[in-house]
There are 2 protein chains.
Amino acid sequence: MADTKQLWERYQAQLFVDERLGFSIDVSRMDLDDAFFAQHAALTKKAHEAMAALERGAIANPDEQRMVGHYWLRAPTLAPNAELRAQIEDTLGAIHRFAADVHSGRLSAEDGGRFQNLLVVGIGGSALGPQLVADALGGANDRMRVFFFDNTDPDGIDRVLEHIDGAGGLARTLTIVISKSGGTKETRNGMVEAQAAYAARGLSPSAHFVAVTGEGSELDRVASSQQWIARFPMWDWVGGRTSELCAVGLLPAALQGINIEGMLKGARAMDELTRNADPKKNPAMLLALSWLKATEGKGKKDLVVLPYKDRLVLFSRYLQQLIMESLGKQHDLDGKVVHQGIAVYGNKGSTDQHAYVQQLRDGVQNFFATFIEVQKERAGSSIEVEPGVTSGDYLFGFWYGTRRALYEGGRHSVTLTVDDVTPHRLGGLIALWERAVGLYASFVNVNAYHQPGVEAGKKAAAAVITLQGKVLGALHATKEGVSAEQLAGQIGEAGEVEAVFKILEHLAANGRARKDKGASPCLARYSR
Amino acid sequence: MADTKQLWERYQAQLFVDERLGFSIDVSRMDLDDAFFAQHAALTKKAHEAMAALERGAIANPDEQRMVGHYWLRAPTLAPNAELRAQIEDTLGAIHRFAADVHSGRLSAEDGGRFQNLLVVGIGGSALGPQLVADALGGANDRMRVFFFDNTDPDGIDRVLEHIDGAGGLARTLTIVISKSGGTKETRNGMVEAQAAYAARGLSPSAHFVAVTGEGSELDRVASSQQWIARFPMWDWVGGRTSELCAVGLLPAALQGINIEGMLKGARAMDELTRNADPKKNPAMLLALSWLKATEGKGKKDLVVLPYKDRLVLFSRYLQQLIMESLGKQHDLDGKVVHQGIAVYGNKGSTDQHAYVQQLRDGVQNFFATFIEVQKERAGSSIEVEPGVTSGDYLFGFWYGTRRALYEGGRHSVTLTVDDVTPHRLGGLIALWERAVGLYASFVNVNAYHQPGVEAGKKAAAAVITLQGKVLGALHATKEGVSAEQLAGQIGEAGEVEAVFKILEHLAANGRARKDKGASPCLARYSR
């Protein structure tokens, strides 16, 4: 391990600063020496070239035979043809006009009043970006208050509706349903539940609903036939987890009153920086190389994300999706079984220092950290909590002290510094990690742009729903109580007794089946 | 791997159900066979006996020479002496009386109005429990609305204050400052910032403040000398991360209108279950043995916590602290270097299925899962989102499908099932994990009740604050701009140039130092 003098030399040599983005990246605590850069020169070059090809419109998602175009969203002139460019520009214009109409009251609620709330119905890539931006850039003075349905939990849905009822009600709430395919059940259920809630309050759902979805999707057809207020497009060349800078993220943000042009500009500026062929001058490449070093290209260590700023607490969750869904793959691009990925977790500093930094410092060495330092303390001036010391000085001190303590214990870290959390800076951070993920995927030779395992999970759930239908049918035909084993036999699913038992328990707990206790828990008898 | 028929046999054999707690634990997907139980019989017995001794009042935290008494909080008759028993009972009575006085308006705000908001100032063990309970058991109809300062981020503090201003204001806000030692800087800073905010609005802080702290602590002295409304005790035999069921958690919960007696009863009932010497009939032992199996007693796999219920989204964060701070230790009880721990992360299902379950299914096999299934869908009845199918059926289906898909891919999981999320059930869940952590700590021979690494982090931060004082002093004395290297030399801290540079950058970003650019970022010059 280097002493503080040597560390300062390395810090100066490796620090990458960009004034325009108010941004710097410090990899000095990753122990990346010249030999490491040299050793990975070919890999770095390959990743750089693959990324350039992707940006030119190559099929970068071979599994689904798709282009990967999220970089064009903030630089439409780079889109591979005029049609795509026009789609991006037209949609952005439509978002601006729509938000202006809602804000001015030109587009009003059913009763003529102004929309004051926003309910976003979406999950995964259709929720995490909007949630991050709403929290990181919003506040008590937003133009619209934002709520989310991001699950298919009935109680969770009821809770959000209660909060909306206490904040002007659904009559003043615009609902945006976001689903690329339109086939995501959680979102479909959220839409149906929201429509029922509007109807129960004597409101017409169609007069409050907007869709963001692929053209011709199931959701698109519903929105069209029900004559929703508006529809905004998603494209097959934008993946859910990189969709924050298309209508998915921009529409809610614009309605909330956030400067979306700033977000786009910040992302564009970061894209320009991260096209640099020199890895030492490319922050995304430095990040990806740091992951390669820490995980040996095999996911051997977890990535702990610690932003020292309350506004960024959801950034770790956003990155959890971006990184784990992109890199967590069974097969590489050659079809070899590789079980790739990097596990990501974290909330915020210094709060997490009082939660699990005990383990990071002293415990199992199975992680590396990425700190996010935000230089500006607050909008106004600070009081002193001690002579000459502010709360923000402590926040800074806790970060610096932790970075040091971890390194002294042989734990690596990267530090990203931004001067402030603004639309521009957040756009830049999003773009930085998007590209780092793409580059790292190239290092380890996986498709970063598909998610076969998610499809498999949906199928497994659909099978349970189908089985439940059979169980309900059999229950209906039965006069006397039956055990799970008996019922499974009756419906020709003897191999599925456990699933049948769990389904019966779920139905009984919700008043949809009657349960009589048996000699042991699994021998209970159920009837209609 | 077993087929579904064999799995059903094992499921029935291993399922542990308790009707009184509406609770079951299913370890059938951990592949714990009889040989495993037999192999660990001695370890199991040792852990059981150590826990019994702890409950009788043995010094279970040898490092700090303390008893560990959180189990007495819900069963005061078990406390090792009458004095402790009286302290617990008296405090609980005082909490009930205080909450009743606030709710009735007998205890009113400075202007005679009723307190309607609660601001909790605390971090780590003094925030995560109250945050979990406020979110899991609260809703739009709480008796008081709860806000938190859980960090030393000035902007974060301002954001919360803005929200309070929009919700009745500080004039109607009771502030509870929670710190056992009274020396936690984040909490001290939050208190000072909150007091300044009250004063800036023409209010007297003392008329709005309550302390929860150790007798004679720094915070206790402040609260006493400033004549705060009330003080509630913390005891040295209750650790921060197991303090939810003392005044730390009970006071905010009671004020919010939550049934704290239900929480205590649920915890007590779970404690009774988890004192069973038969590991197969002890849910906490089954949990701890599952961890031993998955991690080989060495933290080899991460614990992913996935509650399929929005209300429990913070439970994973609560467990992250409870487990990682308790188990993440450098030394074992014999002083040997062991670097123990289990990394914990997770948010909620099925939401996380659209975030990182892709990696869990297909990617790096470095985890095991704990699902929490909640049977009851919602308070009222559900609409159908398809014929015969509710949103809650889908939530159930996604859980069951994911559990199956993971197991088919060789990934282990435990499932905890509760019938509903109530104070009683949540009290039970908290008690379950507290004991599992204690038992596992015994397995791997570490002290689960201290946190030496947290202290080290505090010291490292204090050093940065001290250095900043020197930097500010030198800046003040300097007429011309100096570089970080020059200034470090001037104050005799040549080895600390990097820290000096970062401090100067932080000061400059907040208008507390002037910065002139140099030939490179690290050569900038600073002046007052």
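Reader: Hi! How many residue pairs are in polar contact across the interface of chain B and chain A?
Author: Hello! This is a predicted model, and across that interface 98 residue pairs come out in polar contact, both partners being at pLDDT 80 or more.

Reader: Nice. Which helix of chain B gives the largest share of the side that touches chain A?
Author: That is helix 14 of chain B, residues 391–408, with 13 residues on that side. Sorted by class, the side of chain B that touches chain A holds 48 polar, 45 nonpolar and 42 charged residues.

Reader: And how many residues of each chain are in contact?
Author: 135 residues of chain B are in contact with 135 residues of chain A. The area buried between the two chains is about 12,100 Å², and carbon and sulfur atoms give 53% of that area.

Reader: Which three residues of chain B supply more of its buried area than any other three?
Author: Trp8(B), His354(B) and Glu498(B), which together supply 7% of the area that chain B buries against chain A.

Reader: Let's talk charges. How many salt bridges are there between chain B and chain A?
Author: The count between them is 28. One of the pairs is Arg188(B) with Glu386(A), where the closest N and O atoms are 2.7 Å apart. In general, side chains of opposite charge can pair when their charged atoms come close.

Reader: What's the count over all chains?
Author: Over all chains, the count comes to 78 salt bridges. Among them is a pair inside chain A: Arg435(A) and Glu55(A) meet at 2.9 Å, N to O.

Reader: Switching to sheets: in what order do the three strands of the open sheet in chain A come?
Author: The order is 14-16-15, with antiparallel pairing. Strand 14 (482–483) and strand 15 (514–516) of chain A are the edge strands, each pairing on one side only.

Reader: How many bridges join strand 15 to strand 16 of chain A?
Author: Three bridges join strand 15 to strand 16 (residues 525–527), and the two run antiparallel. Asp516(A) stands opposite Arg525(A) of strand 16.

Reader: Last one: which helix lies across those two strands?
Author: Helix 18 of chain A, residues 497–509, lies across strand 15 and strand 16, and runs at about 60° to strand 16.

Conventions
Residues are numbered from 1 along each chain as its sequence is written. Chains are lettered from A and ligands numbered from 1 in the order in which they are written. This is a predicted model: local features need pLDDT of at least 70, side-chain atom pairs count only at pLDDT 80 or more; totals for chains, interfaces and linings use all residues. Side-chain values use heavy atoms; hydrogens and water are left out. Contact means heavy atoms within 4.5 Å. Buried area is the accessible area (1.4 Å probe) that two parts lose on being put together, summed over both. A salt bridge is a side-chain nitrogen of Lys or Arg within 4 Å of a carboxyl oxygen of Asp or Glu. A polar contact is a pair of N or O atoms within 3.5 Å; within protein, one must be able to donate a hydrogen and the other to accept it, and residues adjacent in sequence count only if both atoms are side-chain atoms. Helices (H or I, at least four residues) and strands (E, at least two) are DSSP runs, numbered from the N terminus. Ala, Val, Leu, Ile, Met, Phe, Trp, Tyr, Cys and Pro count as nonpolar, Asp, Glu, Lys and Arg as charged, and the others, Gly among them, as polar. Two strands pair if DSSP finds at least two bridges between them. Axes are lines fitted to C-alpha atoms, for helices over the stretch in contact, and angles run from 0 to 180 degrees between N-to-C directions.
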